[in-house]
Amino acid sequence: YGNEKKIPVMGERTVYDVNVVEISGLCLTADKSALLACGDKGIVKTISFDGEVADVWTIASDMEGITIDPATGHIYIAAERTQTVCRLDAPAYDSYSTMFAVQEAVDGRYWNDGLEGIEYYKDDILLVGSQKNANLWQYRFDGTLVSKISLSGFAMEIADLCYDPVCDWLWVVDSTAFKIYICTIDGELLATYDVSDIENAESICVDRERGCVWVASDEDAPKLYKYSFEF
């Protein structure tokens, strides 16, 4: 892509009511046939592209972010109050374990301003984002911290994030500022989009195959928003 990278143009939106209580994280399934969602009440569900919901897993945990390793199908979850990264094992998705804690969030007592987003990056590295200080950490699967930056130069928080491997970009949704940002993996801001029409935008998923970006709102009557994008 190099210099041919084009800043996407936002188009129309479609809204679906979805039965996922306090929905707070989104990603595509490994085969990209549906969305995976997690919620504050410790639920993982699939959502079809027209809003139909099916159960995957439930456990007592404040799940705030979800991602999947496309090679293995394992699901990785950011749990906020414990500030931990957890794994739900493929293919049965019936084994849930803690991988490591984000120690800065633990030591800093981030509590309910802690982990909000997680995304599989590459080479067994996970990107983890926080509400407080809009921190972005890179962690290896074994819990080794690779790097840390802050996006607070433009973002008030990281409510969720999505890595776009096509352009090596990071998409970030900010529920406090009512914005979507595109930035480089090093934190250089490239584009900003307004989503003030969403009450509490807590999750984001880029879907190039369907020419859209999915955003979910954590509210009393949770909704899934589909924004068309010209990539």
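Reply: Strands (E, at least two residues) and helices (H or I, at least four) are DSSP runs numbered from the N terminus, and two strands pair if DSSP finds at least two bridges between them. The model is predicted, so local features need pLDDT of at least 70 and side-chain atom pairs count only at pLDDT 80 or more, while totals for chains, interfaces and linings use all residues. Residues are numbered from 1 along each chain as its sequence is written, and side-chain values use heavy atoms, with hydrogens and water left out.

Me: Which residue takes a positive phi in the hairpin of β16 and β17?
Reply: Strand β16 (residues 179-184) pairs with strand β17 (residues 189-194) in the antiparallel sense, over 5 bridges. Within that pairing, Lys179 stands opposite Asp194, and Ile180 has Tyr193 as its bridge partner. The hairpin has 4 residues between its strands, and the one that takes a positive phi, near 95°, is Gly187.

Me: What is the bridge partner of Leu170 in β16?
Reply: β16 also pairs with strand β15 (residues 169-174), again in the antiparallel sense, over 6 bridges. These two strands form a hairpin with 4 residues between them, where Phe178 in the turn has a positive phi of about 60°. Across the pairing, the partner of Leu170 is Cys183.

Me: How many residues of β16 are buried?
Reply: Buried means under 20% relative accessible area, exposed means over 50%, and partly exposed lies in between, with a 1.4 Å probe and protein chains only. By that scale β16 is mostly covered, and the number of its 6 residues that are buried is 5.

Me: In what order do the 4 strands of the open sheet come?
Reply: The edge strands, which pair on one side only, are β10 (115-120) and β13 (145-150). β10 is joined by 5 bridges to the antiparallel strand β11 (residues 125-130), and in this region Tyr120 stands opposite Leu126. The pairing in the sheet is antiparallel, and the order is β10-β11-β12-β13.

Me: How many disulfides does the structure hold?
Reply: A disulfide is a pair of cysteine sulfur atoms within 2.5 Å. The sulfur of Cys86, a buried residue at 3% relative accessible area, is 11 Å from the closest cysteine sulfur, in Cys38, and is therefore too far for a bond. Cys205, buried at 2%, is in no disulfide either, as its nearest cysteine sulfur, that of Cys162, is 4.9 Å away. The number of disulfides in the structure is 0.

Me: How far apart in sequence are the parts that the pair of Tyr120 and Phe141 ties together?
Reply: Rings of Phe, Tyr and Trp (its six-membered ring) pair if their centres lie within 6.5 Å, with planes under 30 degrees apart counted as stacked, over 60 as edge-to-face and the rest as tilted. The rings of Tyr120 and Phe141 have centres 6.2 Å apart and planes at 45°, so this pair is tilted; Tyr120 is buried at 14% relative accessible area, whereas Phe141 is partly exposed at 21%. Because Tyr120 lies in strand β10 and Phe141 in the loop between β12 (135-140) and β13, the parts tied together are apart in sequence by 21 residues.
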